Amino acid sequence: MINSDNIKTEQIWHDLDEILADLNVKNLAKQHLESCNFKLRGYWDSKNEYYEEIIFVSPILAKLSSSSIGTTYTENSSSRWVKLRFLLKIDSSADGDNGVSDDEDDEIGDLILVLDENLQIVDQNWIIDVESPFVIAKQKTDLQHFDIE
């Protein structure tokens, strides 16, 4: 039986470290951002506001901030997953010193990727600061309502 004294030595932590080392998580996040062309389409923010498009105006760095592994059980089966949370920051080194310091001012949000047992991305969640000066958040302003008779 596992108790709080020996949970730190469990094999699961070694396994997670091994998975993360094999994944090259920094490259995984970079490839995901590139595949999106550093844009998001159809984004709902925390205030339930809808944005047609979110564009990142500067190069972005994705820094792994947390990782977890888990199992989802259903009535007839189970599946394992790896969840990776990345802090998205502006890459101030890409264009020299642009006045962005190492504090929270250059943080533009989070990207959460969930990978299945085959290490394929099965879910993603973006949490973006739409008021950041490094983000262009486009809302559709010309919504028209039609009455159907």
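Visitor: What is the relative accessible area of tyrosine 50, and does that make the residue buried, partly exposed or exposed?

Guide: Tyrosine 50 is partly exposed, with a relative accessible area of 36%, where buried means under 20%, exposed means over 50% and partly exposed lies in between, all computed with a 1.4 Å probe on protein chains only. Please keep in mind that this is a predicted model, in which local features need a pLDDT of at least 70 and side-chain atom pairs count only at pLDDT 80 or more, while totals for chains, interfaces and linings use all residues. Residues are numbered from 1 along each chain as its sequence is written, and side-chain values use heavy atoms, with hydrogens and water left out.

Tyrosine 50 has a ring partner in tryptophan 44: the centres of the two rings are 4.9 Å apart and their planes stand at 55 degrees, so the pair is tilted. Rings of Phe, Tyr and Trp (for Trp, its six-membered ring) pair if their centres lie within 6.5 Å, and planes under 30 degrees apart count as stacked, over 60 as edge-to-face and the rest as tilted. By this rule the protein has 2 aromatic pairs. Tryptophan 44 itself is exposed, at a relative accessible area of 51%.

Along the sequence they follow the pattern α-α-β-β-β-β-β-β-β. The loop between strands S1 and S2 holds asparagine 48, which has a positive phi of about 65 degrees although it is not a glycine, and which is exposed with a relative accessible area of 58%. Another asparagine, at position 37, sits in the loop between helix H2 and strand S1 (39-44); the phi of asparagine 37 is likewise positive, near 55 degrees, and at 57% relative accessibility asparagine 37 counts as exposed.

Helix H2, which asparagine 37 follows, spans residues 25-35 and has Val25, Leu28, Ala29, His32 and Leu33 as its buried residues. Seen down the helix axis, these residues fall within an arc of 130 degrees, so they line one face of H2, the arc being that of the directions from the helix axis to the C-beta atoms. Lys26 and Ser35, on the other side of H2, are exposed. The buried residues of H2 pack against H1, S3, S4, strand S5 (107-115) and strand S6 (121-128), where contact means heavy atoms within 4.5 Å.

Apart from its neighbours within four places in sequence, serine 58 is in contact with Ile90 and Phe134. Isoleucine 90, in turn, lies in strand S4 and is buried, with a relative accessible area of 2%.

Strand S3 also carries isoleucine 69, a partly exposed residue at 27% relative accessible area. Not counting residues up to four places away in sequence, isoleucine 69 touches Ile12, Leu16, Trp81 and Val82. Isoleucine 69, Trp81 and Val82 are among the residues lining the largest pocket, whose volume is about 230 Å³. The elements giving two or more residues to that lining are helix H1 (11-23), strand S3 (60-73) and strand S4 (78-90).

A pocket here is an open set of points, on a 1 Å grid over the protein atoms alone, where a 1.4 Å probe fits and where protein lies on both sides within 12 Å along at least five of seven lines; lining residues have an atom within 4 Å of a point. Grid points are joined across faces, edges and corners, and the volume is the space filled by probe spheres set on them.

For the whole protein, buried residues make up 30% of the 149 residues.

Key: Helix = DSSP H or I, 4+ residues; strand = E, 2+ residues; numbered from the N terminus.
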